[in-house]
Amino acid sequence: MAHEVIFEAKHMHKAFGPTIALKDVDIKICRGEIRGLIGENGSGKSTIMSIAAGMQPATSGEMFYKGEAWHPKSMVDSQHQGISMILQEANTIPGVTVAQNLFAGREKEFSVCGIINMSKMYKEAAALLEKFGITHIHARDRIDSLTFEDRKLTEIVRCVDDNTQILVVDETTTALSRNGRDILYAVMKKMKEEGKSVIFISHDLDEIMEASVIIAIAGMEGALASVLGGLADCPVIAVPTSVGYGASFGGLSSLLTMINSCANGISVVNIDNGYGAGYIATQINRLAVGEKR
């Protein structure tokens, strides 16, 4: 099962009017990996995965899931088939309970002759929350009474079930405390151990390095990924995305600082287009042989 491709996108293109968000993007996701996807705002990292999760259509390109052509009709359809996405923005349903949020779109599972058995729903929701180690949120709580963090935890529980094969986490941890992050990291680790996949989108370098085992960089040139590949045990994958992708993470100085983290088996880098690729590659090679800046 290791290295078995579960999802692949080829030649993906997405335009919002005159703005091109994705241009000829290819990406593969394998079973049993936590893929950290990093890049600055506007680099297309959320766009490509929101298309995969059925949130919006691509302008052109093709996708494959479990070896079959993939055309999700909606996020609900995508989740039912095993690809779920936790959004950065709030995505709970106001005016109802936690249990009703957890089983939104699945009410028929609790319905007899058109009447929903709420007692059964509350019982199963409580068991689900307990399974995730969440004891301070209750199935009967009104969702509007929860903090933003607790609503986000509710979303996590709703998005992950036994059928989930790929979980996309889009900048979710910015809303979570350390305890909330630990709950999410435990979910991610369990999925990896079960041969499932996680796409962890963030622009927080420390978080990406803590949680991921493979790093992909939106907007990065492939030639530099090859140069970096020999510096760390953690694979570095280039994902060129939008056109006109500008300076990232404060330029070359920050770039070289990030490369120094290779000593810990992680290589994270993004390209500042203000420098030529040859010059940056030269600086990277200096680090590889132990020279100081």
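Which residue of E5 does Tyr65 stand opposite?

Mentor: Since this is a predicted model, what follows describes the prediction. Tyr65 stands opposite Glu68 in E5, and E5, which covers residues 68–69, runs antiparallel to E4 and is joined to E4 by two bridges. The hairpin formed by E4 and E5 has two residues between the strands, and there Lys66 takes a positive phi near 55°.

Ile29 counts as buried because its relative accessible area is 1%, under the 20% that the term requires. The C-alpha atoms of Ile29 and Val198 are separated by 8.8 Å, although the two residues are 169 residues apart along the chain.

Val198 leads on to Leu167, which, with neighbours within four places in sequence again left aside, is in contact with Val198 as well as Ser84, Ile86, Cys159, Val160, Val187, Met191, Ser197 and Ile199. In the largest nonpolar core, which has 34 residues, Leu167 is one of the three residues that touch the most other members, together with Leu102 and Ile134. At least two residues of this core are supplied by each of H3, H4, H5, E9, H6 and strand E10 (197–202), and H6 gives the largest share, six residues. A second, separate core of 24 residues includes Ala9, Ile48, Met63 and Ile83.

Cys159, a contact of Leu167, is among the buried residues of H5, as are Leu153, Ile156 and Val157, and also Asp150, Lys152 and Arg158. H5 is mostly covered, with nine of its 12 residues buried, and what covers those buried residues includes helix H2 (75–80), strand E6 (83–86), helix H3 (98–102), helix H4 (118–131), strand E9 (166–170) and helix H6 (178–193). The length of H5 (residues 148–159) can be checked too: at 1.5 Å a residue its 12 residues should span 16 Å, and because the end C-alpha atoms are 17 Å apart, the two values agree.

Notes:
Residues numbered from 1 in each chain as written. Predicted model: local features only at pLDDT ≥ 70, side-chain atom pairs only at ≥ 80, totals over all residues. Heavy atoms only, no water. Pairing = 2+ DSSP bridges. Helix = DSSP H or I, 4+ residues; strand = E, 2+ residues; numbered from the N terminus. Buried < 20%, exposed > 50% of the residue type's maximum accessible area, 1.4 Å probe, protein only. Expected span 1.5 Å × (residues − 1). Contact = heavy atoms within 4.5 Å. Core = buried A, V, L, I, M, F, W, Y, C linked by side-chain atoms within 4.5 Å.
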